[in-house]
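I opened my notebook to write down what I looked up in this structure, entry by entry.

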Amino acid sequence: MRGIKGEVTIFISMVMMCVFALLCGLLESARTAGARWYLQTAASSALDSVFSQYHRQLWDTYRLLFAEYEYEEELETDFSGFLQPYLEESRWYPMTLQSAKVEEWLGATDDNGAYLEEEILDYMRYGIWDMDFDANTISGLWENAKEAVAVKEVSEVYRGRAGDALKLEKALEAISSCQEKQESKKQEGLDSLEEYNGPLFRTKAQAVIQQLNRIPGLVENYQNQADELAEKLAYNREIFEKDREDCSGSVNEQMIQEIQQFEEYVAQNGRRRKEIEELKSQSYEQVKLVEKVIQEALKVEKTIDEWESDDEDDDGPDLEALWSPVIRHFDELMIKFLSFQHGVADKKTEGFLKNIENIYKSGFLRLVVPEEKEISRGILETLELPSETEIWSEEARGISFMDHMMVNEYCGKFFRCFPAEQNDGNTLEEASIDKDGAGQSEAGISGSGGLSYEIEYMIGGKDYDEGNLMVVANRLLVIREGLNLLHIMSDPNKRQEAQKVAMMITGVAGLSPLVLLTTFFVMSIWALGESLMDIRGLLAGNKVMLLKSAKDWTLDLEQLIIMGQKKEIGTGGGEQGLNYLSWLKVLLFMDEIVCQEYRMMDMIQMNICRIQTSFRMRRGVYRTKLQNNLTGKHVFFSLGFVENITGSRTHTYPMEITVERKY
């Protein structure tokens, strides 16, 4: 037996060991690859489980998907908890989680509200909505609104200049009135002289001097007002040049024609200014003349008082001879009246028209809200609002008109506006709420507390309902007044009616510069009055056309004057055009989307906090990325010789995997 050789057995054993080692290596390699795929699947599933914990009330009320986490550690803990069962059940893939670290964390309030916008667009793109505007009209809507704002700014400025011009005319009227009083007192003085009444004459002459002494002050007042008007017009011209880029060519031509009328008035004012300035020096000479005549009259009176005669038949001094020089010299006083037409003939009508502007400037909200509608007294109570606590920029972020339209449609569907009861959404108490407090309402959470005018808040940004409604009413008035003025200027019949009223106010028959600029004043007030009626009509539930035609016009000039007299605003609008909510969307178009979205988050947070006081939009996670470190354990293969060298008996190796998700 000792002679039997074992080379073959040893060789075969070594061969088998190599074969088994190769097979185990191949199996371990396949298992390792499988372990990585298993780990990727497990991590993805775990993160899916994390994201399945989206805020239920936020989804049910606003159709927004965000997971609520305050700190990254909370999300890491949840993720580890969901991943652990996969690791415990992995018999062929033994692994141990060492750490899960959040590498990326994007929330609802990050990147200027971009992720809230994505959530809204993702929801709105797959819905079926009745749009107020189609894609073809959005651009035109934007241009019309911008043009209206530019026209409103220019018209309001030049309406003020028209008022200054009428004040200047009243300054001329004061001069003319003073001259009339001079003439009247002069005639009374002459009458006194005709009656040889020296004391009465001196009283009347002193009254003439008093009126003459008023002339320098009146002239200076006129000069100051004229200089101020010229300076204002020069400055206002610069404003117009800045705003005209927002206006179309035809509108620019119309506005330039109106502005030129003001400049022509100032030029005309320069030509007649010389005549007015001469009155100042003339008054000094005239005062000297009257004072000289008074002294002459005193001498005559003294002569009469001292008259003595020894002749018993003497009838006294010859009064006619004594007083004739005084009469002649006093009659030499020439009162020079203004040679040009001036003044305001119908101050009452002018005052009624100004009343309408005063209504607007003094706060018109209470007048445009229908009597049957009550203004909410809601106040924004929630603290830590995203628009106040988060860092964001109002700079424009690229968004298409179509996407902005979708966001605005979302606002109209899920948020309330004036009057709050007009929306179809259920109140919080009426909503279908499950055991977790989740309910569904497509018009936001209502009920007591907080703001009722939510869309108005997105536009106004005030912390109380009345303030936001006031901002909206003012901004609607800006657009409507601009569009209405454009309609009046383009309508020959309305322009002619305005000219007739201007002639009635000024008392001028021809189309002088004063009549033309007063015509602009009347047209501007007319547009304002129609706009006030439009706003009241919208708040009453009526509709108003974007661009009006003659048949859509509701206010004539006679009614305009009555409106100014009674200081009462009628109700405009009708059944055609855009309703109040649609006009709110027009205003939203004009604001930067970033500001709108952060205020939207304010409203969402305010409403959810009434159910869950701890809710904050900044905790809403939209996207996250985790880096996971694990240790795997070899099953079919171990490097024994390495273990002998290092003294380590572990069969583990490190594994890393990255997983990310977004809603």
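How many residues of helix α18 (residues 580–590) are buried? I found that 10 of its 11 residues are buried, so the helix is mostly covered, where buried means under 20% relative accessible area, exposed means over 50%, and partly exposed lies in between, with a 1.4 Å probe and protein chains only. Helices here are DSSP runs of H or I with at least four residues, strands are runs of E with at least two, and both are numbered from the N terminus.

I noted that this is a predicted model, in which local features need pLDDT of at least 70 and side-chain atom pairs count only at pLDDT 80 or more, while totals for chains, interfaces and linings use all residues. Residues are numbered from 1 along each chain as its sequence is written, and side-chain values use heavy atoms, with hydrogens and water left out.

Among the buried residues of α18 I listed Y580, W583, K585 and F589. At the start of α18, I saw that a side-chain oxygen of N579 comes to within 3.3 Å of the backbone nitrogen of L581.

Next I turned to the backbone. R63, which is not a glycine, has a positive phi of about 55 degrees; R63 sits in the loop between α2 (56–62) and β1 (67–68) and is buried, with a relative accessible area of 15%. Y196 also has a positive phi, near 60 degrees, and lies in the loop between α5 (135–194) and α6 (198–243), but Y196 counts as partly exposed because its relative accessibility is 33%.

Last, I recorded that the peptide bond from F418 to P419 is cis, with omega near -20 degrees, and that P419 belongs to the loop between α12 (401–414) and α13 (454–460).

How values were computed
Polar contact = N/O pair within 3.5 Å; in protein donor to acceptor, adjacent residues only side chain to side chain.
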